[in-house]
Amino acid sequence: MAAAVATELGFPYVELDSLYHGPGWVPRPSFESDVADLAESAQWVTEWQYQLARPVLAARADLLVFLDLPRWLAVSRVVRRTVKRMLLRTELWEGCREPPLRKLFTDRDHIIRWAWRTYPEHEPRVRDLMRQQPALPIVWLKTRRDVKIWLIRLSR
């Protein structure tokens with residue numbers, strides 16, 4: 001979604017995972033400063049993730065688009081994307097690739113388990129932001145149809 005918005009607006013898109021993950025999935029020491037540099041740039045689109053990054057990005061954002069899709073849909077997309085990347089051995093960031101699917105059963109923070117576990121945290125986090133920054137416009141999209149209509153409107 002973020003990449004589609006960036007393309008439509010002609011803004012740079014920076015995937016936060018690419019700033020966070022170094023070789024071997026080790027967090028990059030420059031993450032915090034890289035996020036600050038991104039937030040200070042004139043135009044950008046990114047995801048609103050990573051506890052350390054959220055306040056920095058929210059303070060500089062002109063708009064937050066919240067994909068509040070049903071859990072089953074959000075997690076099924078993570079599963080599909082993860083399995084595809086795993087099978088194709090897609091390089092993600094700094095040589096990182098999805099681990100074997102068996103890690104789903106042994107790694108508490110496997111992306112699929114993480115997506116399922118953290119899903120309930122998203123809405124309260126956005127509601128907190130609404131209280132903290134009432135002037136920040138938030139587009140709240142709850143269905144695939146909402147997303148489609150909003151993207152069409154964005155393109156006009």
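Predicted model: local features only at pLDDT ≥ 70, side-chain atom pairs only at ≥ 80, totals over all residues.

Entry on the aromatic rings. I found five aromatic pairs in the structure. I looked up the one between Tyr-20 and Phe-31, which is edge-to-face, with 5.0 Å centre to centre and 90 degrees between the planes. The two residues sit 11 residues apart, Tyr-20 in helix α2 (residues 16–20) and Phe-31 in helix α3 (residues 31–40), so that the pair links distant parts of the chain. With the cut-offs above, I note Phe-31 as buried because its relative accessible area is 5%, whereas Tyr-20, at 23%, is partly exposed. I also noted that ring pairs link Tyr-20 and Phe-31 with Tyr-50 into a cluster.

Entry on the helix pair. I then turned to helix α1 (residues 2–9) and helix α8 (residues 144–154), which pack at an angle of about 20 degrees with their axes 10 Å apart. Angles under 35 degrees count as roughly parallel, and therefore I recorded α1 as roughly parallel to α8. The crossing of α1 past α8 is right-handed. On the α1 side I listed Val-5, Glu-8 and Leu-9 as making the contact, and on the α8 side Trp-150, Leu-151 and Leu-154. Sorted by class, this contact of α1 with α8 has five nonpolar residues, one charged residue and no polar ones.

Definitions and conventions: Residues numbered from 1 in each chain as written. Heavy atoms only, no water. Axes fitted to C-alpha atoms, helices over the stretch in contact; angles between N-to-C directions. Helix = DSSP H or I, 4+ residues; strand = E, 2+ residues; numbered from the N terminus. Parallel < 35°, antiparallel > 145°, perpendicular 65-115°, else oblique. Left-handed = near helix turned anticlockwise from the far one by under 90°. Contact = heavy atoms within 4.5 Å. Nonpolar A, V, L, I, M, F, W, Y, C, P; charged D, E, K, R; others polar. Phe/Tyr/Trp six-rings, centres within 6.5 Å; stacked < 30°, edge-to-face > 60°. Buried < 20%, exposed > 50% of the residue type's maximum accessible area, 1.4 Å probe, protein only.
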